[in-house]
Amino acid sequence: MSTATEPTAVAAPRAGRRAWFALAVLMLPVLLVSVDNTVLNFALPAISSALTPTGTQLLWIVDIYPLVLAGLLVSMGSLGDRIGRRRLLLIGSIGFGVVSVAAAFAPSAELLIAARAALGFFGAMLMPSTLSLLRNIFLDRDQRRFAIAVWASGFAAGSALGPIVGGIILEHFAWGAVFLLAVPVLLPLVVLAPFLIPESKDPNPGRIDVPSILLILLTMTPLVFSIKHLAEAGFDVLTVVSMIVGVVSGVLFIRRQLRLEHPLLDLSLFRRASFSGAVVINLLSVTALVGGLFFVSQHLQLVLGLQPLDAGLVLLPGLIVMIVAGLVIVPISKRVRPGIVVPIALVVSAVGYASIAITGGDVSALGIGLAFVALGLGIGSAETVSNELVIASAPPEKAGAASGVSETAYELGAVLGTATLGTVLTASYRSSVVLPDGLTAAQQQAAGETLGGAANVAEQLPGDLAGALMDSARHAFDSGVGVAAWIGVGLIVAAMLVAAIGLRRVR
């Protein structure tokens, strides 16, 4: 197995001032996509109140966006290699902005889910384009390592800004306003990108293989659905059928790529330890991070009673630490092997998650804030190193497809984080909540589905009855938080093992 990450025989030219301005422009869609992920978590209570979604619909409002993204990222990365990465970035930016306006005024849960799916389609054009353009703008390895650290830090910065900006918006405007953030962010990109960002593409791209695109979608959608359905309805025929369809489609996709002269995804990249190990580390760490944000945001607001802005401020230190860690790790990673520095960083994250798990979910705002500082320190460092390894392992002409794989790991991690930890919480809540007498049938259904539903029902009840309902609902929710946190610990430990074993020979 090859462990080389990039040929170094000829010194690459160093980028000038224009390249750094281009990097600043490329940060705009990165910030937008990451803000969109975390700001929605904090808008969930308001969405629950306004649109009254079921527990399953609430999960799909969160999941459908990263699910569509994950299914199309490799395809869009390959499309950018063929038609031009800057062109695809501009198309995605315009489409994302238009659909964001539609999402802001969605009148029902079903239409919001549809709008989120369309956002996923155009969002899939954004992220691979940004990372692959960096590969071709910054040819010097040291400059590119720093640029990718800025890129990863921008992703973390968006996560940090999401709760703060979202909290301010949600305290003064309706929940739909969080989607309107896309318009002022993407407008400068559309204007400046043609002047600052050079076009790049594969000189010998081959054609787009539509069956391969369909097979990716048929692999990921049923697998994620099976996870969600398993937690909600148990191990039944639908769960088994969904798993089988996903696995069979995945096998067919791999076989097809091996036969094609110009595959949608060059599977030979996975023979490199630096590439495959880094992708798996991204997948596991993002699953743990996003799953944690899903339940912590609700615990802060619905259990501890914090306002959205205050809840965002609790997580802000950890997300700032994630940004700083991504930049500080750059000079360290030039001297210390990835197989050493990544596991050490992830140990810190595992300790942070364990501090929540040990409490069984009964944790204060200060405890959550400190846990997320530890989580941000480890994951911010590990993701910077792993992303640089992914891009450095791929030849420049395949940068789009390689970026698509890296981003697929991010978004699949987001899907799995919400699907696995979210459904664990939902199942635990439904099995543990005790509804007081005196509720109507509609109130029993809403309060028995989700903690947000219970909070909405409590507003309609007399004081004693509302207090009894919320005490039971909060206890039921936190009983699932403890279990979900232990799952998070397991995910980070698994990423540590992958890094220690898979990257041990990577320089």
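Helix 13 contributes four residues to the lining of the second largest cavity, the most of any element. The model is a predicted one, and this cavity holds about 130 Å³ of space. Its lining is made up of 13 residues. Those nearest the centre of the cavity are Phe294, Gln298, Thr426, Thr450 and Phe477. Helix 2, helix 9 (273-303) and helix 13 (399-432) are the elements that each give two or more residues to this lining. Across the structure, the count of cavities of 30 Å³ or more comes to five.

The whole structure contains six aromatic pairs. In one of them, the ring centres of tyrosine 65 and phenylalanine 96 are 6.4 Å apart, and the ring planes stand at 70 degrees. The pair is called edge-to-face because its angle is over 60 degrees. Tyrosine 65 belongs to helix 2 (residues 55-83) and phenylalanine 96 to helix 3, so the pair ties together parts that are 31 residues apart in sequence. Are the two partners buried or exposed? Tyrosine 65 has a relative accessible area of 0%, so it is buried. Phenylalanine 96 is buried as well, with a relative accessible area of 0%.

Another edge-to-face pair is formed by phenylalanine 121 and phenylalanine 122, with ring centres 5.1 Å apart and planes at 85 degrees.

The next stop is the surface. Which residues form a nonpolar patch there? The patch consists of Val101, Phe105, Leu180 and Val183, and together these residues have about 340 Å² of accessible area. Phenylalanine 105 sits in the loop that runs between helix 3 (85-104) and helix 4 (109-137). With a relative accessible area of 61%, phenylalanine 105 is over the 50% limit and therefore counts as exposed.

Phenylalanine 195 is a further aromatic residue to look at, and its place is in helix 6 (residues 182-196). Phenylalanine 195 is exposed, with a relative accessible area of 61%. Along the chain, phenylalanine 195 and arginine 141 are 54 residues apart, and 24 Å separates their C-alpha atoms.

Technical notes:
Residues are numbered from 1 along each chain as its sequence is written. This is a predicted model: local features need pLDDT of at least 70, side-chain atom pairs count only at pLDDT 80 or more; totals for chains, interfaces and linings use all residues. Side-chain values use heavy atoms; hydrogens and water are left out. Patches are made of residues with over 30% relative accessible area and no salt bridge: like charges are joined within 9 Å, nonpolar side chains (Val, Leu, Ile, Met, Phe, Trp, Tyr) within 5 Å. Accessible areas come from the Shrake-Rupley method with a 1.4 Å probe; for residues, only the protein chains shown count as cover. A salt bridge is a side-chain nitrogen of Lys or Arg within 4 Å of a carboxyl oxygen of Asp or Glu. Buried means under 20% relative accessible area, exposed over 50%, partly exposed in between (1.4 Å probe, protein chains only). Rings of Phe, Tyr and Trp (its six-membered ring) pair if their centres lie within 6.5 Å; planes under 30 degrees apart count as stacked, over 60 as edge-to-face and the rest as tilted. On a 1 Å grid over the protein atoms alone, a cavity is a set of points where a 1.4 Å probe fits but cannot get out, and a pocket is an open set with protein on both sides within 12 Å along at least five of seven lines; lining residues have an atom within 4 Å of a point. Grid points are joined across faces, edges and corners, and a volume is the space filled by probe spheres set on the points.
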